[in-house]
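Welcome to this guided tour. Open your viewer, get ready to select residues by number, and follow along stop by stop.

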Amino acid sequence: MGAFSANTFTTNKEFTHCYKDISEDELANQVNTILVSKGYSLISGTNTHGVYERGNRVMRILFGAFIKYFKCHVNTKTNGDNETQVTLTTATSGMSGGLVGMSQVKNEILGLSEAFKTL
């Protein structure tokens, strides 16, 4: 079983975590499990390089921050030294929810970053 080893990059829009002793496919499956448990669905690509979405974009535009919507790109890859990394990048800015929406996107990224540290 792999274990979280380091956070190598974090901003309000993306993060990269590294894991030891886990294959790319295993990590991608665990990431998929976490995202699905949080209400996301894979809308394009594969577990290793895909786009996940939660919520309804049209409703978010109509009703702003009252409706949750988040879309992100997830990429996993294997580095040297038996290390695998996952990068999650947001594909939404939150602007359709105004300042509250932008804050929601930031908090979502931080929450997912913490959840991925438990892998």
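**First stop: a salt bridge across the chain**

Select Glu83, which is buried because its relative accessible area is 18%, where buried means under 20% relative accessible area, exposed over 50%, and partly exposed in between (1.4 Å probe, protein chains only). Before going on, please note that this is a predicted model, in which local features need pLDDT of at least 70 and side-chain atom pairs count only at pLDDT 80 or more, while totals for chains, interfaces and linings use all residues. Residues are numbered from 1 along each chain as its sequence is written, and side-chain values use heavy atoms, with hydrogens and water left out.

The side chains of Lys20 and Glu83 meet in a salt bridge, at 3.7 Å from N to O. The term salt bridge stands for a side-chain nitrogen of Lys or Arg within 4 Å of a carboxyl oxygen of Asp or Glu. This pair links distant parts of the chain: Lys20 sits in strand β2 and Glu83 in strand β6 (residues 83-90), 63 residues apart. Lys20 has 34% relative accessibility, so Lys20 counts as partly exposed.

**Second stop: the other salt bridges**

How many salt bridges does a search of the whole structure find? The search finds three. Side chains of opposite charge can pair when their charged atoms come close.

Select Glu108 and Arg54 next, whose side chains meet in a salt bridge with 3.3 Å from N to O. Here too the pair links distant parts of the chain, with Glu108 in helix α3 and Arg54 in strand β4 (residues 49-55), 54 residues apart. Glu108 is buried, as its relative accessible area is 16%, whereas Arg54 is partly exposed at 21%.

Then pick Glu114 and Lys117. Their closest N and O atoms are 3.1 Å apart, and the two form a salt bridge. Glu114 counts as partly exposed at 48% relative accessibility, and Lys117 is partly exposed with a relative accessible area of 32%.

**Third stop: step back to the whole chain**

Switch to a cartoon view. The protein chain has three helices and six strands; helices (H or I, at least four residues) and strands (E, at least two) are DSSP runs, numbered from the N terminus. Trace the chain from the N terminus and you will pass the elements in the order β-β-α-β-β-α-β-β-α.

The C-alpha atoms fill a box of roughly 45 × 25 × 20 Å, taken along the principal axes. Of the 119 residues, 38% count as buried. The chain exposes about 6,200 Å², and carbon and sulfur atoms supply 55% of that area. Accessible areas come from the Shrake-Rupley method with a 1.4 Å probe; for residues, only the protein chains shown count as cover.

**Fourth stop: aromatic pairs**

A pair of aromatic rings is described by the distance of the centres and the angle of the planes. Rings of Phe, Tyr and Trp (its six-membered ring) pair if their centres lie within 6.5 Å; planes under 30 degrees apart count as stacked, over 60 as edge-to-face and the rest as tilted. By this rule the count comes to three aromatic pairs.

Select Phe15 and Phe116. They form an edge-to-face pair, 5.5 Å centre to centre with 80° between the planes. Phe15 lies in strand β2 (residues 14-20) and Phe116 in helix α3 (residues 98-116), so the pair ties together parts that are 101 residues apart in sequence.

Now select Tyr40 and Phe70, another edge-to-face pair, at 6.0 Å centre to centre and 85° between the planes. Tyr40 is in the loop between α1 (24-37) and β3 (41-45), Phe70 is in strand β5 (residues 69-79), and the two are 30 residues apart. Tyr40 counts as buried at 3% relative accessibility, and Phe70 counts as buried at 1%.

Select Ser113, found in helix α3. Ser113 is buried, with a relative accessible area of 5%. Which residues touch Ser113, leaving aside its neighbours within four places in sequence? Ser113 is in contact (heavy atoms within 4.5 Å) with Asn7, Phe15 and His17.

**Last stop: a patch on the surface**

Finish with Val58, Met59, Leu62, Phe63 and Phe66, which make a nonpolar surface patch of about 580 Å². Patches are made of residues with over 30% relative accessible area and no salt bridge: like charges are joined within 9 Å, nonpolar side chains (Val, Leu, Ile, Met, Phe, Trp, Tyr) within 5 Å. Leu62 is found in helix α2 (residues 57-63) and counts as exposed at 59% relative accessibility.
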